[in-house]
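The following exercises concern one protein structure.

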Amino acid sequence: MVDTHLNQNSVQDVLDYDRQKELKAFDDTKAGVKGLIDSGIVKIPPIFVIPTDELSCEKSYSGSTHLQVPVIDLKDIREGGVQRKQVVEEIQHASETWGLFQIVNHGISEEVLDDMIKGTRRFHEQPTEVKREYYSRDVPKNVNFLSNYHLYKAKFANWRDTLSFSMAPVAPSPEEYPAVCRDIVISYSQQVKRLGLTLLELLSEGLGLRSNHLAEMECAAGHSLVCHYYPACPEPNRTMGTSEHTDPDFFTILLQDQIGGLQALYQNQWVDIPPVTGALVVNLGDLFQLISNDKFISATHRVLANQVGPRISVACLFSNPMQKQMQPVNRLYGPIKELLSDDNPPLYRETSAKEYAFCYGSKGLSNSALDNFRL
Ligand code: OGA
Ligand code: NI
């Protein structure tokens, strides 16, 4: 008698084994997705293909123009000014409904934004031998080049390579930066940090707290820059640039170029976040949702793969520092006491940014780790 159950298992085992082998072979090239394109492939390798069971839970695409991610003008937000009150209200509303908005007149010049995109491109378009030096998966480095953080855990690999910098509280030493983007990374990092602190004040006020409340909680005491390169994809409908996810931080400031493909989930529909010249995208992360006790939400977002490219983006993730040398004791975060009442009891238990990141990382990209902390 043939044991079909056993047979099925072993077929699956073989498939899984081949997949693991292919993932490892891809990882070992240390050349990323750009390396595949440079080698002249015209079909995407199986490790990148979205499995059919994933496609079946696909949410609808709005494709319509009536849903628009809020664009907020930060032009005149002097403390005590009339404009500030208005802006705080807009941020509060966007944070309650989308968890995401675009900002203009934020104080970082178009020239700096452009240089940051160009610097990212210069890094990724260097010869593989040069980039390989920075490639590392298991040992986190201050400057790290990698294709797919969740390569081995995710259901399929994403069409994207990433260079990241751990910038604060301790920045890399000058010789750790790739020479092709050192100056702009240092300068952009300083400017985006300043903007992050301004946003934190506006977000504090949006929650009805003193403007320095969130900064004093050290929600932006650490930040990293994550510089993505999405090569043109020969079969964009069969894979993703970045799978659906929320960010594990307090908030993220995202710079994207003019290619497009970024989408946010709003009322269970995917809505395009169109590139706006000079604008930056701000999205709240899981830790913000946790400390605000679900008043503000963590935005679910993704990036489609595209026939044209490369698409370049730079995300600045703000969180409590996780660098060991700086943080012998990890600060704990729970719902902010001032926001709680008999009618609004805490929905989450306390956690540290580090514990949260660990839980998030162990789940692969698409599952919400936040539920693990819900009371
Ligand atoms: C991220 C992210 C979007 C993009 O880095 O978390 O969502 O446009 N990036 O690259
Ligand atoms: Ni993200």
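**Exercise 1: Cysteines**

Cys-359 is buried, with a relative accessible area of 11%; buried means under 20% relative accessible area, exposed over 50%, and partly exposed in between, with a 1.4 Å probe and protein chains only. The model is predicted: local features need pLDDT of at least 70, side-chain atom pairs count only at pLDDT 80 or more, and totals for chains, interfaces and linings use all residues. Residues are numbered from 1 along each chain as its sequence is written, chains are lettered from A and ligands numbered from 1 in the order in which they are written, and side-chain values use heavy atoms, with hydrogens and water left out.

Task: Determine how many disulfides the structure holds.

Solution. 
- Step 1. A disulfide is a covalent bond between the sulfur atoms of two cysteines. The criterion is a pair of cysteine sulfur atoms within 2.5 Å.
- Step 2. The structure holds zero disulfides.
- Step 3. For Cys-359, the nearest cysteine sulfur is that of Cys-219, 19 Å away, and Cys-359 is in no disulfide.
- Step 4. Another cysteine, Cys-233, is buried, at a relative accessible area of 1%.

**Exercise 2: A phenylalanine in a loop**

Task: Is Phe-296 buried or exposed, and with which residues is Phe-296 in contact?

Solution. 
- Step 1. Phe-296 lies in the loop between helix 9 (286-291) and strand 12 (301-304).
- Step 2. With a relative accessible area of 0%, Phe-296 is buried.
- Step 3. Leaving aside neighbours within four places in sequence, the residues in contact with Phe-296 include Gln-92, Ser-95, Leu-203 and Gly-206.
- Step 4. Asp-286 is ten residues from Phe-296 in sequence, and their C-alpha atoms are 9.7 Å apart.

**Exercise 3: Salt bridges**

Task: State how many salt bridges there are, and describe the one between Asp-114 and Lys-118.

Solution. 
- Step 1. Side chains of opposite charge can pair when their charged atoms come close. A salt bridge is a side-chain nitrogen of Lys or Arg within 4 Å of a carboxyl oxygen of Asp or Glu.
- Step 2. The count comes to 18 salt bridges.
- Step 3. In the bridge of Asp-114 with Lys-118, the closest N and O atoms are 3.1 Å apart. Because Asp-114 and Lys-118 are four residues apart in helix 5 (residues 110-124), about one helical turn separates them.
- Step 4. Asp-114 is partly exposed at 39% relative accessibility, and Lys-118 is partly exposed at 44%.
- Step 5. In another salt bridge, Asp-73 pairs with Lys-75 at 3.7 Å between the closest N and O atoms. Asp-73 is partly exposed at 29%, whereas Lys-75 is exposed at 61%.
- Step 6. Lys-43, Glu-235 and Arg-238 are linked in a network of salt bridges.

Notes:
Helix = DSSP H or I, 4+ residues; strand = E, 2+ residues; numbered from the N terminus. Contact = heavy atoms within 4.5 Å.
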